[in-house]
Amino acid sequence: YTCTFYYYTLLAIVHESTDFLMEVLRSNFTSSLPFIEDCLHKCDFVAVDTEFTGLAVSTVEEASLFDSMQERYTKVRKVAQNFIVCQIGLSAFIKDSATNKYVAHSFNFYVLPRHQDMRYSFQASNVDFLCTYKFDFNKLFYDGIPYVDSALNISTKTIEKGFSSVFNMLVELKKPLLGHNMFYDLLLMYEKFYEPLPVQYVDFKQQLHSLFPLIVDTKNVCLGLKKLLGSTLLEFSSLSELYTALIRNEGTLLHSPVVCHAPDCKRYSSGTYFHEAAYDAFCVGTVFLRLAHLMAMKGLSSMEAYPVACHVYFQKLQPYTNKINVSRGPLNFVNLLGEDPVHSAPSLLIAKVQRGHTITKRMLEENVGDLGNADVQMLNNGSALIALASMKRAESILLNKKPSLIHVRKYSWVRDTLPNSKILWLGVLMSAVAVGVTGLVVANALRKNQ
């Protein structure tokens, strides 16, 4: 690394900033690009994180437990089409061949599409979130790196393509790509820096895998290892909580690799900067190494513990690679290598109001109790389906519900479906093929209660 660090030092002297290469703007993009390319070529893997300006184009398009996977993909595809990526973090992890040490070079790219008649969409809640974590909108609008939206297919110079040229490097190098809960990140990067997203979910899976043959979602790894290892370190799966827990206990595993920031990321050594894209990318890479080492040491005594090569870490986590976590979705994860796991239907309750009254979500909350992050599907004026992520939560609602105008019980396939006609059963079969178990339940409930 002597040559790499020496090259950086010269640049730092010229620009009089120890953070010059960590923060990449329009004004320093061209001069930073050779060093970024050098890091990407030398690294063992790259971690990525994005910040963007919206999560849903409307309340109707919000993620729901009633979604099929195609429906969820379509919703996130609309997010990628209508909102912009405003910051991208890359962290290139380079292992020192002589020691058990990884050096992380992290880069914050402020990016902004700049072409005639471009419209920018911002969701207020996302702006509030970015402001909470001190996102610098001045840098974005005054000095953001331009990129050409893939939908326009315009041929431009490197500086005008901006981050698209970095994305193309990632595609060409085929280094392992890491992220945390990265479904949105992947769709946004594909749409903005590669080409318009395909309409069909299955086509997206195939094309994404051809671009990046090895992807690791550390949230999916965490959830999988939590079941396998039963470790209290993995109690929480959010990136900040997981990183904090693993770092706090990093001395408990022998031969766990040392991870340090490169000199060009000096600021990150002095504090935490969660939700700054480059810092989050660094956390992703560090979490990966800690989780992989946990897996590698499974079943070994302290006398048997040993330093582990990077490629062995990927081998140990092979059951969890190329599987992208899906939050509040019909699947636990997207499988990029083939068929997805069996559709996971949510726990369903059915609520009915006394005759003469109209049921609303507000009425449900007032009479049933706090629904938390449950999803509600109105069937008609007198009844609704309530979808919850776990049966434990459903049972808690039933246990604590007080007498009221609304009667709530578990949804029953036999009770709520069988009384329908043979024609309905034909519709059931068609629905099952089209949208899976959840779509089937909703369709039947709608027909029965009309």
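Trainee: Let's start with Glu276: which residue forms a salt bridge with Glu276, and how far apart are the closest N and O atoms?

Mentor: The general idea comes first: side chains of opposite charge can pair when their charged atoms come close. Here the partner of Glu276 is Arg267, and the closest N and O atoms are 2.6 Å apart. Please keep in mind that this is a predicted model.

Trainee: Is Glu276 buried or exposed? And how does Arg267 count?

Mentor: Glu276 has a relative accessible area of 17%, so Glu276 is buried, the cut-off being under 20%. Arg267 counts as partly exposed, because its relative accessibility is 24%.

Trainee: Over which ring does the charged end of Arg267 sit?

Mentor: That would be Tyr273: the charged end of Arg267 is 4.4 Å from the centre of that ring. You can find another case at Lys95, which lies over the face of Tyr102 at 5.8 Å from the ring centre.

Trainee: How many salt bridges does a search of the whole structure find?

Mentor: The search finds nine. One of them joins the side chains of Lys42 and Asp38, at 3.4 Å from N to O. Both residues belong to helix α2 (residues 29–42), where they are four residues apart, or about one turn of the helix. Lys42 is partly exposed at 39% relative accessible area, and Asp38 is partly exposed at 27%.

Trainee: Which residues are linked in a network of salt bridges?

Mentor: Asp67, Arg72 and Lys75 are linked in that way. Asp67 and Lys75 are both buried.

Trainee: Now to strands. What should I look for in the side chains of β2?

Mentor: In a regular strand the side chains alternate between the two faces of the sheet. In β2, one side carries Phe45, Ala47, Asp49 and Glu51, while the other carries Val46, Val48, Thr50 and Phe52. Every one of these residues is buried, and both faces of the strand are covered.

Trainee: Why is β2 described as largely enclosed by the rest of the structure?

Mentor: Because eight of its eight residues are buried.

Trainee: Which strands pair with β2, and in which sense?

Mentor: β3 runs antiparallel to β2, and eight bridges join the two. Strand β6 (residues 177–179) pairs with β2 in the parallel sense, over two bridges.

Trainee: How many aromatic pairs does a search of the whole structure find?

Mentor: There are 31 aromatic pairs. Among them is Phe45 with Phe93, a stacked pair with 4.9 Å from centre to centre and 20° between the planes. Phe45 sits in strand β2 (residues 45–52) and Phe93 in strand β3 (residues 85–96), so this pair ties together parts that are 48 residues apart in sequence. Phe45 is buried at 0% relative accessible area, and Phe93 also counts as buried, at 0%.

Trainee: What kind of aromatic pair do Phe274 and Tyr279 form?

Mentor: Theirs is edge-to-face, with 5.5 Å between the centres and 75° between the planes. Tyr279 is buried, with a relative accessible area of 2%.

Trainee: Where does Thr272 lie?

Mentor: Look in the loop between β8 (258–261) and α12 (277–296). Thr272 counts as exposed, at 54% relative accessibility. Its C-alpha atom is separated by 9.5 Å from that of Ser240, which is 32 residues away along the chain.

Trainee: Last one: is Ser383 buried or exposed?

Mentor: Ser383 is buried, with a relative accessible area of 1%. You will find Ser383 in strand β13 (residues 383–388). Between the C-alpha atoms of Ser383 and Ile406 there are 9.0 Å, and these two residues are 23 residues apart along the chain.

Key. Residues are numbered from 1 along each chain as its sequence is written. This is a predicted model: local features need pLDDT of at least 70, side-chain atom pairs count only at pLDDT 80 or more; totals for chains, interfaces and linings use all residues. Side-chain values use heavy atoms; hydrogens and water are left out. Buried means under 20% relative accessible area, exposed over 50%, partly exposed in between (1.4 Å probe, protein chains only). Rings of Phe, Tyr and Trp (its six-membered ring) pair if their centres lie within 6.5 Å; planes under 30 degrees apart count as stacked, over 60 as edge-to-face and the rest as tilted. A charge sits over a ring if NZ of Lys or CZ of Arg is within 6 Å of the ring centre and within 35 degrees of the ring normal. Two strands pair if DSSP finds at least two bridges between them. A salt bridge is a side-chain nitrogen of Lys or Arg within 4 Å of a carboxyl oxygen of Asp or Glu.
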